[in-house]
Amino acid sequence: MELNPWATVDIQDYDELFEKFGLEKIKLIPELEKNVLFRRGIVMAHRDLDKFLGAVAKGKPASILTGIMPSGPMHLGHKMVVDQCVFWQDSGVKTRVLIADIEARLTRNVMPPDAKRVALEEYLANWIALGLDHTKTDLYAQSNRSIPYYDLSATLSGRITLAEMSAIYGSLSPGKITSAMIQASDIIHGQLPEYDGKSNVLVPVGFDQDPHLRMTRGLAEKEGFIKPSSTYHRFMTGLEGGKMSSSRPNSFISLNDSVDVAMKKADRVLTGGRVTLEEQKKLGGEPDKCVVFELETFHFMPDDKELADLKQKCLKGEIMCGECKQILKDRLKKFLENLAVKREKAKDTVVGLDVFR
Ligand code: SF4
């Protein structure tokens with residue numbers, strides 16, 4: 001299995017990733033148990049998370065860094081990174097969020113005016129509506145950072161060969177190489193004396209982004225920086241099964257979908273129900289194969305007891321999929337309505353932010 005930050009990756013067997021790429025399983029500690037994504041094993045792997053947590057516990061300088069790719073609609077799959085970011089920010093960790101406008105231009109052909117609009121209105125407004133405190137966030141666009149940041153990117157480019165990059169990323173274009181070196185600078189530059197100085201950084205990502213982390217950790221070590229830490233979350237299943245993909249609108253619920261559109265998509269969500277009601281009452285449903293249950297687990301049922309009760313009822317055939325899906329739809333509708341109100345307010349905020357040139 002290959003991981004590719006520029007393509008949709010379908011992961012069938014997460015265990016294979018641990019072996020192949022040397023990732024570690026997350027061990028829960030009380031601090032992490034406070035967050036539903038950690039508690040439920042959705043954020044499931046890491047590199048050096050223990051070192052990051054140790055630095056935070058000792059009051060050493062530490063930050064989290066994550067990025068916004070201003071391309072395509074923001075959907076529930078993207079929300080997982082925001083939820084983690086808000087969790088770390090609420091825990092008092094310094095937060096840095098980059099807008100990957102250079103990467104969007106080089107690898108997805110998104111040009112500056114569109115990148116700016118999508119980043120601010122489609123993404124950042126939703127991030128703020130989901131709880132990001134922009135006043136406590138070091139927010140920047142890749143095209144509008146400091147000279148030391150670009151210097152670092154150039155320095156790092158000279159510290160790796162094309163063969164080494166190809167071994168990590170597979171096939172590369174000049175645009176992807178530039179983009180990867182800018183990303184390496186995104187992750188490391190907080191350790192420059194112009195920023196926080198030598199410090200721990202944690203990057204929460206999906207597994208597809210691991211090549212960036214593997215390359216950047218090697219470069220950080222070569223240049224005498226602290227190797228960045230990272231966490232990895234599972235991917236969401238597409239609404240109708242298979243991969244969730246930004247190019248297939250019916251595979252995801254966008255945070256900007258109207259309630260009507262979202263309800264129609266929810267009607268088509270794949271369940272783990274049996275062929276007939278009779279069979280389901282007798283055998284129970286299959287929540288582990290059910291996208292309705294996954295949506296509740298990842299986003300809409302934060303109460304663990306409620307989720308466990310739903311699973312038991314499903315397994316015993318005490319609840320049918322129609323009733324269960326209606327519970328999801330009610331929550332989804334409420335969530336989207338609340339989010340829309342907060343997002344409209346946030347749009348007034350984002351236009352005034354000094355992020356782009
Ligand atoms: S009852 Fe609910 S959780 Fe069980 S299979 Fe049907 S939709 Fe999924």
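Predicted model: local features only at pLDDT ≥ 70, side-chain atom pairs only at ≥ 80, totals over all residues.
The ligand takes up the space of the largest cavity. Elsewhere, the largest nonpolar core holds 70 residues. That core lies between domain 1 (14-235) and domain 2 (249-345), because both give residues to it.

**Ligand site**

**Nonpolar core**

- Which residues touch the most other members of the largest nonpolar core? They are L49, W88, L124, W127 and L295.
- Helix 7 (residues 112-129) gives the most to this core, with nine residues.
- Domain 1 (14-235) and domain 2 (249-345) both contribute residues, so the core lies between them.
- In soluble globular proteins, nonpolar side chains tend to be buried together.

**Loop between helix 6 and helix 7**

- M111 lies in the loop between helix 6 (101-108) and helix 7.
- Is M111 buried, exposed or partly exposed? Its relative accessibility is 37%, so M111 counts as partly exposed.
- M111 and P70 are 41 residues apart along the chain, and their C-alpha atoms are separated by 10.0 Å.
- N109 lies in the loop between helix 6 and helix 7.
- N109 has a relative accessibility of 60%, so N109 counts as exposed.
- Phi of N109 is near 60 degrees, a positive value in a residue other than glycine.

**Loop between strand 2 and helix 4**

- D48 sits in the loop between strand 2 (43-47) and helix 4 (49-57).
- Phi of D48 is near 55 degrees, which is positive although D48 is not glycine.
- Most residues other than glycine have a negative phi.
- Is D48 buried or exposed? At 12% relative accessibility, D48 counts as buried, because the cut-off for buried is under 20%.

**Loop between helix 7 and strand 5**

- L132 is found in the loop between helix 7 and strand 5 (137-141).
- L132 has a relative accessible area of 4%, so L132 is buried.

**Strand 6**

- V201 belongs to strand 6 (residues 200-206).
- V201 has a relative accessible area of 5%, so V201 is buried.
- V201 and K227 are 26 residues apart along the chain, and their C-alpha atoms are separated by 8.1 Å.
- N200 also lies in strand 6.
- N200 has a relative accessible area of 10%, so N200 is buried.
- N200 and M215 are 15 residues apart in sequence. In space they are 17 Å apart, C-alpha to C-alpha.

Terms used. Residues numbered from 1 in each chain as written. Heavy atoms only, no water. 1 Å grid on protein atoms, 1.4 Å probe; cavity = no way out; pocket = protein on both sides within 12 Å on 5 of 7 lines; lining within 4 Å. Sits in = over half its atoms within 2 Å of the grid points. Core = buried A, V, L, I, M, F, W, Y, C linked by side-chain atoms within 4.5 Å. Buried < 20%, exposed > 50% of the residue type's maximum accessible area, 1.4 Å probe, protein only. Helix = DSSP H or I, 4+ residues; strand = E, 2+ residues; numbered from the N terminus. Domains from an automatic or database assignment.
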